[in-house]
Amino acid sequence: MNLINYYWYFKNAVSTQFCDDVIKFCKEKKEETALVDLGTYTKDKEGAMKKQIRDSNISWVEERWVYEAIFPFVLTANTNAGWNFNITWTEPFQFTKYKPGQFYNWHCDSDISPTKEGPGKGLIRKLSASLLLNSSSEFKGGAFEFDFKNKAYPKTNISVAKELSDKGDLIVFPSFVWHRVQPVTEGTRYSLVMWNQGKPYV
């Protein structure tokens, strides 16, 4: 699929108070270690298991007040960026905490195979959104990067999403676009991620 816009962003999409409320609310939830498919771990030189793809802590958010604050921006981005994807369902939000040394390596959020069960049965992820909940001045590292490679241009084409820097900044992008979060070196990076699904592309 040829894209004119690989992502769409909103500076200060939500208030700093909203971000603080989300962080406080999510810190009271049960925290999990983020998981991905097989291949997450490899052995280092000493034989110890080492995370290769992802290392972060998460919790899940399904509250309506969070959804209502963010989803309108997804719809606006879908129109303004010219994607016009059919979106019919939004997954629970993921609150993600990256402490020093934690990261999420190159990945894309979508799968060519539709979801087999649950509310999203028969659907695929089409639009992803990431909201930065604290300012980049509060941590070091943790840059959000895209790789705009595709079948026509398979070579690496990395771009830093510099627009995602202040508390309340929001970025929306097609779920098949490759991206990563660089390792945090100091402080803690907090974000809220959402995935929006629709019927598979024809």
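Here is a short chat about how to read the features of this predicted model.

Me: Where do I start? How many helices and strands are there in the protein?

Reply: Count the elements before anything else. This protein has 2 helices and 17 strands. Buried residues make up 46% of its 202 residues.

Me: What share of the contacts between residues at least 6 apart in sequence join residues at least 24 apart?

Reply: That share is 83% here.

Me: Okay, now the inside. Which residues touch the most other members of the largest nonpolar core?

Reply: General idea: in soluble globular proteins, nonpolar side chains tend to be buried together. In this model, the largest nonpolar core has 45 residues, and Ile70, Leu133, Phe146, Val172 and Leu192 touch the most other members. Several elements each give at least two residues to this core, including helices α1 (16–27) and α2 (64–80) and strand β17 (189–198).

Me: Next, the helices. At what angle do α1 and α2 pack?

Reply: Two packed helices are described by the angle between their axes and the distance between the axes. For α1 and α2, the angle is about 145 degrees and the axes are 12 Å apart. Their crossing is left-handed. On the α1 side the contact uses Phe18, Asp21, Val22 and Phe25, and on the α2 side Trp65, Val66, Ala69 and Ile70. Sorted by type, those contact residues are 7 nonpolar, no polar and 1 charged.

Me: And the strands? Which way do β12 and β15 run, parallel or antiparallel?

Reply: In a regular strand the side chains alternate between the two faces of the sheet. Here β12 and β15 run antiparallel, joined by 4 bridges. Look for phenylalanine 144, which stands opposite valine 181 in β15. Strand β15 (residues 178–181) is also antiparallel to β9 (residues 103–107), with 2 bridges between them. There, histidine 107 has histidine 179 as its bridge partner.

Key. Residues are numbered from 1 along each chain as its sequence is written. This is a predicted model: local features need pLDDT of at least 70, side-chain atom pairs count only at pLDDT 80 or more; totals for chains, interfaces and linings use all residues. Side-chain values use heavy atoms; hydrogens and water are left out. A nonpolar core is a set of buried Ala, Val, Leu, Ile, Met, Phe, Trp, Tyr and Cys residues joined through side-chain atoms within 4.5 Å. Buried means under 20% relative accessible area, exposed over 50%, partly exposed in between (1.4 Å probe, protein chains only). Two strands pair if DSSP finds at least two bridges between them. Axes are lines fitted to C-alpha atoms, for helices over the stretch in contact, and angles run from 0 to 180 degrees between N-to-C directions. A crossing is left-handed if the near helix is turned anticlockwise from the far one by less than a right angle, and right-handed if clockwise. Contact means heavy atoms within 4.5 Å. Ala, Val, Leu, Ile, Met, Phe, Trp, Tyr, Cys and Pro count as nonpolar, Asp, Glu, Lys and Arg as charged, and the others, Gly among them, as polar.
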